[in-house]
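Here's a fold to walk through, strand by strand and contact by contact. Have the viewer open and follow along.

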Amino acid sequence: MTAPAQELGFRALLARGAGAQVVAFRMGGELHGCDIRLVEEVVTKQRIHPLPDVPPHLLGMILLRGEMVPVVDVSAALGLSLSPGGARPILVTGVGGARVGVAADAVHEVMEVPAEALRPAPHAAGDRDAYVVGVARLAPGLVTLIDLAELLRERTTLDTRTA
């Protein structure tokens, strides 16, 4: 990817019509994809330590190589919910100089999304429209492309708002 492409946000990158690489993950029974440039690593088999008196979208913290990383559930912002269960994969992202973990039901693979596979996002009316940037028709089925960076910028403060 060229330097100017790296500076573009995910929505702008897709709007250029050149396609993109995404990390595919399952949340709420649906397949989603987010900009690969945002994901630093995927952590599995890591215990999430719950915290008292925090908003429901903050699941807790993980200890990652000596660093405390908050883990959030962004599924409600997308009109979904995580499947009940114990250990889950966590997408560790870097947003605004901070690291934040995003809980998922499963993480699949890195996928190339060619421009011809992209379709505009359907309008669902509500918060979801702010984060869903398109849909891609790929081999595993339809992949909802989300602007995870934008979602995290708006949903990761430790305040009393619910996700």
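Which residue in β5 is the bridge partner of Leu63? It's Met68. Before going further, some housekeeping: this is a predicted model, where local features need pLDDT of at least 70, side-chain atom pairs count only at pLDDT 80 or more, and totals for chains, interfaces and linings use all residues. Residues are numbered from 1 along each chain as its sequence is written, and side-chain values use heavy atoms, with hydrogens and water left out.

Strands here are DSSP runs of E with at least two residues, helices are runs of H or I with at least four, and both are numbered from the N terminus. Two strands count as paired if DSSP finds at least two bridges between them. In general, strands of a sheet pair through backbone hydrogen bonds, either parallel or antiparallel.

Zoom out and you get an open sheet of five strands in the order β3-β6-β7-β5-β4, with mixed pairing. Its edge strands are β3 and β4 (58-64), each pairing on one side only. Ignoring direction, neighbouring strands are turned by 30° against each other on average. (Axes are lines fitted to C-alpha atoms, for helices over the stretch in contact, and angles run from 0 to 180 degrees between N-to-C directions.) Helix α4 packs on the sheet, touching β5, β6 and β7, and its direction makes about 80° with that of β6. Contact, by the way, means heavy atoms within 4.5 Å.

Now look at β7. Five of its six residues are buried, so the strand is largely enclosed by the rest of the structure. Buried means under 20% relative accessible area, exposed means over 50%, and partly exposed is in between, using a 1.4 Å probe and protein chains only. With β5, strand β7 runs parallel through two bridges, and Val71 has Gly101 as its bridge partner in β7. With β6 the pairing is antiparallel over six bridges, and Gly94 stands opposite Arg99. The hairpin of β6 and β7 has two residues between the strands, and Gly96 takes a positive phi near 60° there.

Side chains of opposite charge can pair when their charged atoms come close. The rule used here for a salt bridge is a side-chain nitrogen of Lys or Arg within 4 Å of a carboxyl oxygen of Asp or Glu, and by it the count comes to seven. Glu40 and Arg99 form one of them, at 2.7 Å from N to O. Glu40 lies in strand β3 (residues 39-43) and Arg99 in β7, so this pair ties together parts that are 59 residues apart in sequence. Arg99 also meets Glu41, at 3.0 Å from N to O. And Glu67 forms a salt bridge with Arg99, the closest N and O atoms being 2.7 Å apart. Since Glu67 sits in β5, that pair ties together parts 32 residues apart in sequence. Through shared partners, salt bridges join Glu40, Glu41, Arg65, Glu67 and Arg99 into one network. Glu40 is partly exposed at 45% relative accessible area, and Glu67 is partly exposed at 31%.

Back to the helix. The buried residues of α4 (residues 148-155) are Leu148, Ala149, Leu151, Leu152 and Arg155. Why do they end up on the same side of α4? They cover an arc of only 160° around the axis, the arc being that of the directions from the helix axis to the C-beta atoms. What covers them includes β2 (30-35), β5 (67-72), β6 (90-95), β7 (98-103), α3 (128-131) and β11 (141-146).

Leu148 and Leu152 turn up again in the largest nonpolar core: of its 34 residues, Met27, Val74, Leu78, Val102, Leu148 and Leu152 touch the most other members. Such a core is a set of buried Ala, Val, Leu, Ile, Met, Phe, Trp, Tyr and Cys residues joined through side-chain atoms within 4.5 Å. β1 (20-27), β3, β4, β5, β6, β7 and α4 each supply at least two residues of this core. A second, separate core of 16 residues includes Val22, Leu31, Met111 and Leu145.
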